[in-house]
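I opened my notebook to write down a few things I looked up in this structure.

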Amino acid sequence: MIASTDYDVQLLNLPQPDFAIAKTDIHYLVNCAYQMSAFAGLHPVEAELTVGEELSRLARLSGHRQPSIEVLSYEDMILANPVQSDPRVYCLGAAGVEERDFCLGHQLIESELQLAIDALLELRDGADADARQCLAVCLERLESANCVLTRFYEHMSPDLFGQFRVFYGKNPYKNRLGPSGRFSARIVAVSVLLAGEELFQQKPQFYRDIYRLSEYYPQVCIHEVFRWLSPGNRSAELTPTWLEGKAEFPRSATISPVMERHGPEIGKLRASCVYALDQFTRMHRITALKYTIEPGRPIVGVEASESVEAVLSQRLLTAARP
């Protein structure tokens with residue numbers, strides 16, 4: 001079907017919103033072809049023939065216009081996926097409904113995180129910002145995001161989750177990680193704004209992991225975070241000198257300098273936000289443990305050389321519990 005029409009020019013000339021959806025469709029199709037090839041036990045050359053030159057070419061063209069990791073990403077699956085209007089899912093029936101709700105739930109979480117980011121940026125950068133109001137909004141949004149995660153933990157079917165999750169695993173023919181909530185740039189942004197210096201002191205691996213795997217995060221958001229962390233540096237995505245202990249951590253990326261101008265009551269409100277952030281990352285950890293490790297399924301987005309516990313716990317400000 002693809003070979004019968006010249007889609008190259010059409011793809012490159014699409015308006016950006018339409019292009020983002022088309023790029024997502026292409027990566028879903030490519031990923032499906034690779035995953036089913038692996039299920040059938042095909043060798044790499046056979047898998048490439050299954051994908052086909054026409055589809056592979058469209059994937060390459062989409063990557064030229066908008067750089068990507070060459071496989072289905074968290075950005076494709078959650079942020080570019082028009083779930084509410086026309087969802088891209090792999091499964092039919094009950095599994096397809098669960099998969100749609102899984103993506104929609106993550107979209108809701110991302111929207112709540114963006115509202116928390118907006119409030120924290122207003123506090124950090126606004127000369128006349130109302131600190132109490134900004135932190136109250138941040139706290140409310142983080143608690144709302146945690147409620148969505150809690151519903152996953154309490155209500156998601158392990159069997160149905162397992163049916164669609166196999167498609168989100170690491171591509172069996174490419175040295176690339178699969179889409180994972182680990183690669184939410186917005187939770188990174190909230191973490192930096194709220195507790196960036198504390199994370200650096202307690203969990204420097206948090207930052208090393210982000211810089212090492214930066215290409216897996218939604219690019220616009222993660223590069224904005226890197227600009228905060230490397231002010232004045234044109235190559236902000238490069239590992240900064242402070243991460244190697246050669247400079248001071250850039251506190252200007254966080255709300256800490258602003259907090260120093262306020263009293264203990266505002267400090268308590270900020271502490272409540274940090275607690276809510278920690279509860280969110282903890283809920284993500286225990287949900288991942290419940291639906292992946294306990295049923296014996298491999299973790300999405302984790303290299304074999306990495307400790308699963310380290311990956312899931314490295315963003316917690318307090319010690320991880322079983």
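Which residue forms a salt bridge with Glu224? I looked it up in the model, which is a predicted one. The partner is Arg227, and the closest N and O atoms are 2.7 Å apart.

I then looked up their accessibility. Glu224 has a relative accessible area of 32%, so it counts as partly exposed. Arg227 has a relative accessible area of 46% and is partly exposed as well, because the label covers values between 20% and 50%.

Entry on the total. I searched the whole structure for salt bridges, and the count came to 19.

Entry on Arg141. I found a salt bridge between the side chains of Arg141 and Glu112, at 2.5 Å from N to O. Arg141 is in helix H7 (residues 131-155) and Glu112 is in helix H6 (residues 93-125), so this pair ties together parts that lie 29 residues apart in sequence. Are these two residues buried or exposed? I have both Arg141 and Glu112 down as buried.

Entry on Arg251. The side chain of Arg251 meets that of Glu197 in a salt bridge, with 2.8 Å from N to O. I looked up the locations next: Arg251 is in the loop between helix H11 (219-229) and helix H12 (256-259), while Glu197 is in helix H9 (residues 185-202). The two are 54 residues apart, and the pair links distant parts of the chain. Arg251 has a relative accessible area of 29%, so I wrote it down as partly exposed.

Entry on helix packing. Two packed helices are described by the angle between their axes and the distance between the axes. For helix H2 (residues 16-39) and helix H3 (residues 44-51) I noted an angle of about 145° and axes 9 Å apart. The crossing of H2 past H3 is right-handed.

Which residues of H2 and H3 meet? On the H2 side I listed Val30, Ala33, Tyr34 and Ser37, and on the H3 side Ala47, Glu48, Thr50 and Val51. By type, the residues of this contact divide into five nonpolar, two polar and one charged.

Technical notes: Residues are numbered from 1 along each chain as its sequence is written. This is a predicted model: local features need pLDDT of at least 70, side-chain atom pairs count only at pLDDT 80 or more; totals for chains, interfaces and linings use all residues. Side-chain values use heavy atoms; hydrogens and water are left out. Axes are lines fitted to C-alpha atoms, for helices over the stretch in contact, and angles run from 0 to 180 degrees between N-to-C directions. Helices (H or I, at least four residues) and strands (E, at least two) are DSSP runs, numbered from the N terminus. A crossing is left-handed if the near helix is turned anticlockwise from the far one by less than a right angle, and right-handed if clockwise. Contact means heavy atoms within 4.5 Å. Ala, Val, Leu, Ile, Met, Phe, Trp, Tyr, Cys and Pro count as nonpolar, Asp, Glu, Lys and Arg as charged, and the others, Gly among them, as polar. A salt bridge is a side-chain nitrogen of Lys or Arg within 4 Å of a carboxyl oxygen of Asp or Glu. Buried means under 20% relative accessible area, exposed over 50%, partly exposed in between (1.4 Å probe, protein chains only).
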